[in-house]
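Please look through the structure shown here before reading on.

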Amino acid sequence: MRLAPLAFLMLASPALAAPCGGDWGDFLNDIAAEAREAGAPEDAIATFFAGARQDPKVLKADRSQGVFRKTFLDFSQSLISKSRIQNGAANAKKWDAVFDRAETEFGVSRGILLAFWAFETDFGAVQGDFNTRNALLTLAHDCRRPEIFQPQVIAAVALTGMHDFDPASTTGAWAGEIGMVQMLPKDILEKGIDGDGDGLITLKTSAPDALLSGANMLRHHGWRAGEPWLQEVILPETLDWSLSGLETERPAGDWAAMGVQPRAGNLPDLPASLLLPQGRKGPAFLAYPNFKVLFEWNKSFVYVTTAAYFATRLEGAEPYRAGNPDPALSADQMTALQERLAARGHDVGKIDGILGALTRTAVQKEQARLGLPADGWPTAELLNAL
C-alpha cells in the first residue's frame, strides 16, 4: 500500500537541520533523526540509510560546472542537433496522447516538455549513473548548499516508504535528480504523477510518469496555459538597449511601437522582456511570463534560453539568426570583469567567470554609465574601460 505523502511535506525546520560538515556517522544519525521527526517510518529510514556513503565524485562535479561558461550560440549549437530534432518529432508522435494530456490537464506545451526531455537525458537514454541516495547525502553533508539538499534527503526517505525509490539501486544525476526529465525527490513527492496508472511514480522507466510529472511541476510554478514563452524578433538599430534584460518588462505593443518586429507571426498581447543573449549584434527574443517559470527547472540563463528556443524549434520555428556578436570574454577576463564590477559596488554573486543574471545586470549599468551601448553583453572594450 502506498503511504500518503502529506505526512512528509512538513519537512524538518531549520532548528532540526543536521549540522553540515563534521563526522559522517554523526551526520547520518542527525539527518535520520530529522527524517523520523518528519514522520518517516522506521523501516523506510533503515532501508534508506543502509550502506549509505559519501561520494567524492559528486563534490568534484559540483565544483566544476564549466559548461555554463559557454555563450548562448556555442551552447545552443552544441545541444541542438539534427538528430535531436528528429528524435523530438519521433517522440512527439510516439507519446502523442501523453502530450495531449499534459496540455489538457496542465496547460503545458509539448515543445517545452520535449526540449527538457532531450537536454536532460536525451529522451531517457542517459539518466546518470550516480547513486542518488549517496549523492543527496553527500551534498546535504557538504556545507555549500545544505539548506537545499537536506530537505531532498527527507523527501527521498519518504519516497522510499512509498516504494517509489530504491536507495540501493536508484541512479541519476550528480545533484540528485532522477528520471527522464531529472526531478529532485521533493518535486517528485509533491508533484509526481502516476501517468501510466500502475500505482507507482517511476520517472526512470515510465515516460508518461516523467512527462506528466514535469508538466505538473511547471504548472505549480506558474505556467500559464495557451501562452507562448519565447519569440525571435528583429530589432531596429535605434533601440534603447538599456531596456533589454529580464528586469525590464513592457507590453508587447510597446515593443512594437519601438520598432521591434516578430520574425514570424504576430506579437501576443502579453508583457515581455527583450532578451539579447549575446548583445545587440546577436540573436534577439521577446520572453513572455512563461519563460521565467523555466528557471524553476534550471537556474542557468544560457541553459534556460537554449531550452526555450529549442522548444520553439520543435514546434516549427525557424533557426535563429545568429548575427555577428562581439567576441566573448575568456574565463579569466570574465573573472577580472566580475572583480572590477564588485569593486564598484555591484552584486555579481559568486566571482566564478560565468556570465550570470547578476553580472549581466551590473554590466548593463556600467555600460550606461560609460556611454556604451547598454545591451548587457560584456566586451573587451568594457573591461578596458573599467
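Predicted model: local features only at pLDDT ≥ 70, side-chain atom pairs only at ≥ 80, totals over all residues.

Residues are numbered from 1 along each chain as its sequence is written, and side-chain values use heavy atoms, with hydrogens and water left out.

The whole structure holds 16 aromatic pairs. Rings of Phe, Tyr and Trp (its six-membered ring) pair if their centres lie within 6.5 Å; planes under 30 degrees apart count as stacked, over 60 as edge-to-face and the rest as tilted. Phe 116 and Tyr 303 form a tilted pair, with 6.2 Å centre to centre and 40° between the planes. Because Phe 116 lies in helix 7 (residues 110-121) and Tyr 303 in helix 14, this pair ties together parts 187 residues apart in sequence. Helices are DSSP runs of H or I with at least four residues, strands are runs of E with at least two, and both are numbered from the N terminus.

Phe 119 and Tyr 303 form an edge-to-face pair, at 6.0 Å centre to centre and 75° between the planes. Tyr 303 is buried, with a relative accessible area of 7% (buried means under 20%, exposed over 50%, partly exposed in between, with a 1.4 Å probe and protein chains only).

Gln 278 is found in the loop between strand 6 (271-275) and strand 7 (285-287). Gln 278 is buried too, at 5% relative accessible area.
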